Amino acid sequence: MAIHLASGLRSLFFVLCCVMVATLIYTISIDGLPFRKDLLTPWMAATLVDFYINVVPLAAWVLYKETSLIIGAILWIILLVCFGSITTCAYIFIQFFKLSPEESAQDPMYHVLLRHENKNGLEQKRKHSPVLVARITFSILGCLMLGTLIYTILTDGSPFRKDLLTPWMNATLVDFYINVIALSVWVAYKESSWLGAFLWITLFICFGSITTCAYIVKQLLQLTSQDPLYLVLLNRENRAENRYERT
């Protein structure tokens, strides 16, 4: 079962990467390059804020996963900022591709999410835990997006208008929701019930990065200030096992 999950997710993100590449090429061919002032409408600006707040947890995971800060992490984060979900899908595909047959057969999500040295519960001791900093950061980002949403509705009206659906807005929404799929896979792994996962994913689709930040803060509140931050990546069972191995 687990090995089929690894294969299925690897195929999913390969297909999503191809979809986004095709969307990007098609949009450039019919509407030109996106670097134009006329494209930056209030709702496009709000969508971009929403998009890049969702990029933050993905970038944080990449920063944690990569052992080389300059060559690995910074390069991947720059690609995330520039190419969005194309980079997200490519990075996740590579992580699943690098799994050994044993890891794929055991728990592929666990082995993809964690850095190698943390798979045995190993973590360098730190004087100060970043858990509190992460709680504050994602709380601020959630409030920022909520404020952006309210302000845009008040100044530009409802987003459910045909005139807003320009080719580049459509491409941005495809880009945004592919990243939502990546985050939803993580939520499905984290949640112990399918109903809980379904409800959170529905909120992801409807409210974007506001839900992302709320969900991450909720998970961070389940950690103590002494816990390593990487435990937030794991579901309840794996998190308990890592805590046990560290004692």
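How many cavities of 30 Å³ or more does the count come to?

Modeller: The model is a predicted one. The count comes to 1 cavity of 30 Å³ or more. Rolling a probe the size of a water molecule over the atoms shows where empty space is left. For the largest cavity, the volume is about 40 Å³. Its lining is made up of L58, W61, V62, L80, T88, Y91 and I92. Two elements, α2 (42–65) and α4 (85–97), each give two or more residues to that lining. By class, the lining residues divide into 6 nonpolar and 1 polar, with no charged residue among them.

The helix contact is formed by α8 and α10. Helix α8 covers residues 167–190 and helix α10 covers residues 209–220; their axes come within 12 Å and cross at roughly 25°. Angles under 35 degrees count as roughly parallel, and α8 and α10 are therefore roughly parallel to each other. The crossing of these two helices, α8 and α10, is left-handed. On the α8 side the contact residues are F176, L183, W186, V187 and K190, and on the α10 side they are S209, T212, Y215, I216 and Q219. Sorted by class, the residues of the contact of α8 with α10 comprise 6 nonpolar, 3 polar and 1 charged. The lining of the largest cavity, for its part, has no charged residue, while the contact of α8 with α10 has 1.

Notes
Residues numbered from 1 in each chain as written. Predicted model: local features only at pLDDT ≥ 70, side-chain atom pairs only at ≥ 80, totals over all residues. Heavy atoms only, no water. Axes fitted to C-alpha atoms, helices over the stretch in contact; angles between N-to-C directions. Helix = DSSP H or I, 4+ residues; strand = E, 2+ residues; numbered from the N terminus. Parallel < 35°, antiparallel > 145°, perpendicular 65-115°, else oblique. Left-handed = near helix turned anticlockwise from the far one by under 90°. Contact = heavy atoms within 4.5 Å. Nonpolar A, V, L, I, M, F, W, Y, C, P; charged D, E, K, R; others polar. 1 Å grid on protein atoms, 1.4 Å probe; cavity = no way out; pocket = protein on both sides within 12 Å on 5 of 7 lines; lining within 4 Å. Points joined across faces, edges and corners; volume = space filled by probe spheres on them.
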